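Subject: Structure handover

Hello,

Here is the structure you asked for. Please open it first, then read the notes below it.

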Amino acid sequence: MSDFLAAAIRIATPLMLAALGGILSECAGVFAVGLEGMMLAGAFAAIIGAWLSGSDLVGVLFSMLGGAAIALAVAVVAVRYRADHMVTGLTANILALGLTSYLLRVAGGGRPIAIHLTPLQAWPIPGLADLPVLGPLLFVQPPLTYLALLGCGVLAIFLTRTQAGLTLRATGENPEAVFTSGAEPLRVRMLAVIACGAIAGIGGAVLSLQQVGTFTDGMTRGRGYLVLAALIVGRWNPWGAMAACLFFGAAEAFELRLQSFGVPVGSYIVQMAPYLIALAVLAGLGRSSRLPAAIGQPIRTE
Amino acid sequence: MSEPTSSSPVAVPQQARRIGFRLHRGDHLFVRILIAVLLSMLCAGALVAVSGHDPVAAFVALVTGAVGSPHQIGAAFNRTTPYLLAGGGVAMCFRAGIINIGAEGQIAVGGMGTAAVALVWFDDLSAVSTVAALLGGAGAGALWAGLAAAIHLGRRVHEVLATLLLNFVALLLVQQVLAGPLGEFGAGFLQSPLLPRASWLPRISPFNAHVGFLIAVVAAALLSFTLWRTRFGFALRVAGHSRPAAAYAGFSLPLLTWSVMVLAGAVAGLAGGIEVLGLHRRLIEGFSLGFGFKAVTVALLGALEPLAIVPAALFVGLLEAGSLSMQRQIGVPSALVVVIEGLTMLFVLAATVRRL
């Protein structure tokens, strides 16, 4: 059982980080469809950074830069040029997919360069790690998992307890009011999207640097889209989104379990589970979910 | 939506005078798109230069690889076909303000439907079985899109999420079917047996392109006619500009959403069927990968105008057909083409901003 929960947390970690970024972006009023591309760019940059420098910390910093670079493109086109958020996000995903696989081959002189690093090891927290059930589950995790949990708390405080967080949420609800109050909604949105990219980039670093130690083309495999569903299910609340991500993680862990027990269900049918569950939960929520009022609407600047 | 219209104070668009390119529009839409394409090519050239290759040589290799011989042109036509069909369907949805990202899943399911019909249908009448197989694909695609529409309309799930998540389900469904009933036993990878020869699409002689390309061009013309000359098309355009106006005019928005999604699904399913019957001659795993998103690229590059999507799809098809010989001759990775597609779309989005 505790193996199962540990697997759920492991699978949910990249989703959780991406969700934290997505909350920033969507609360500021910009749909975060580009999360997939930001994660992918982060995953790629993390491996390249760690490989060039030999330091995992540099890898994580690179992943933030990689995610933020894709986010910058989204911010300029969707916020500054007021293009449709959904389509811009998708475009950013295509761009990230192309750029990462192109650069992977350029770095290897024509063939995909083979980088194999040691995945990040668990850091047991002294004292807490010896607790009976929770210890191995929560306090013997790799560093980026702690970062995800910590980030959740920080984001919750930021959104509800600080002036900047209030301005951010107001930009998602009523940009005109923010403008009247003397802030610049356009700048708020651009910063929120770029911060979203940096955080989602770390989510990508979890996939590459922490879990497998290498990068493969398109390795995010739709996780960014699952996070979009998790945001809605979690109602743009950091803790809610974290719970939704853990739920998706548990579904995938359960699926792996079923496969290892040789349950006679087609393996591909079982792999559909996270997507079907996401659809079912969204359909179950139906009309009751409420988006930030001004999400997807461009800010006029005349 | 990057709805490409001039800044008219009236929400309802005027009925266009004739089908086709609307170059006379005041905001030079197609000039802007051309500039966007040029900018992205320049960026791609810079990327090639950074990788230590000669951008001009790479460009020449790309072009000669795409149009160097009749066979290469034919290969480019084949490559263009799915983008043209699926892009047309996506454009119709976008016109109505419905963001359908489900083309990839619809293509996958369409290919599955076509393969299933072709494998079950034992008949020597080649034309009949081919048409039946293609119709099976279109029907399957329409059903898949209808499912997304049902989830969207029935439960208010955003159509982007409904179509996106169903894409993943569709890809896995095809894999499951290939691992089970439609699969070729002992093939080593997931594929169906070779389809009966009678069901293959005929080839056009000098180019060796399959007739699917012609079907796609005819379909684009029909979509353009539907968009500009029928009540349904008018309703789509009104709904795309203003949903309240469409409702006030008496158009049923749910019915519109249903019908345009099913239409787009059918065209995308047809694209999947043509890929299976014309190109692979069997159903293979992942044959639809990436087509769905690029269909969106093509639709926007063609300014959501079904006939203008023909050159847009040709642009993408030629790029992709030429990319492999660029990789072989110059050593520039063919993934550069995906970068060009992404950049082009970003520039097009920025250049064709709606005027409020």
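Which residues of chain B does A:Ile94 touch, not counting residues up to four places away in sequence? They are B:Phe293, B:Val338, B:Glu341, B:Gly342 and B:Met345. Here touching, or being in contact, means that the C-beta atoms of two residues, placed from the backbone, lie within 7 Å.

Two notes on reading the rest. This is a predicted model, in which local features need pLDDT of at least 70 and side-chain atom pairs count only at pLDDT 80 or more, while totals for chains, interfaces and linings use all residues. Residues are numbered from 1 along each chain as its sequence is written, and chains are lettered from A and ligands numbered from 1 in the order in which they are written.

A:Ile94 sits in helix α4 of chain A. Helices (H or I, at least four residues) and strands (E, at least two) are DSSP runs, numbered from the N terminus. A:Ile94 has 24 C-beta neighbours inside 10 Å, so it counts as buried. The cut-offs are these: a residue is buried if 20 or more other C-beta atoms lie within 10 Å of its own, exposed if 12 or fewer, and partly exposed in between, with C-beta atoms placed from the backbone. The C-alpha atom of A:Ile94 is 9.4 Å from that of A:Glu36, although 58 residues separate the two along the chain.

In total, 40 residues of chain A are in contact with 40 residues of chain B. On the chain A side, at least two residues each come from α3 (56-80), α4 (85-107), α10 (223-233), α12 (267-271) and α13 (273-285). The most come from α4(A), which gives 14 residues. By type, this side of chain A has 26 nonpolar, 9 polar and 5 charged residues. In this count Ala, Val, Leu, Ile, Met, Phe, Trp, Tyr, Cys and Pro are nonpolar, Asp, Glu, Lys and Arg are charged, and the others, Gly among them, are polar.

**The two chains**

Chain A contains 13 helices and 2 strands. Its radius of gyration (taken over C-alpha atoms) is 19 Å, close to the 19 Å that the globule rule (2.2 Å times the number of residues to the power 0.38) gives for 302 residues, so chain A is as compact as a globular protein of that length. The C-alpha trace of chain A spans about 60 × 50 × 45 Å along its principal axes. Of the 302 residues in chain A, 53% are buried. Among its contacts between residues at least 6 apart in sequence, 75% join residues at least 24 apart.

Chain B also has 13 helices and 2 strands. Buried residues are 58% of its 356 residues. Of the contacts in chain B with a separation of 6 or more, 79% are between residues 24 or more positions apart.

**The core**

The largest nonpolar core has 239 residues, and those touching the most other members are A:Ala19, A:Ala230, A:Cys245, B:Ala86, B:Leu165 and B:Val339. Helix α9 (residues 185-212) of chain A supplies the largest share of this core, 16 residues. A nonpolar core is a set of buried Ala, Val, Leu, Ile, Met, Phe, Trp, Tyr and Cys residues joined through C-beta atoms within 7 Å. Leaving out residues up to four places away in sequence, A:Cys245 touches A:Ala12, A:Leu15, A:Met16, A:Ala19 and A:Ala230.

In helix α7 (residues 163-173) of chain A, the buried residues are A:Leu168, A:Ala170, A:Thr171 and A:Gly172. They pack against α1 (2-27), α8 (175-180) and α9 of chain A.

Regards
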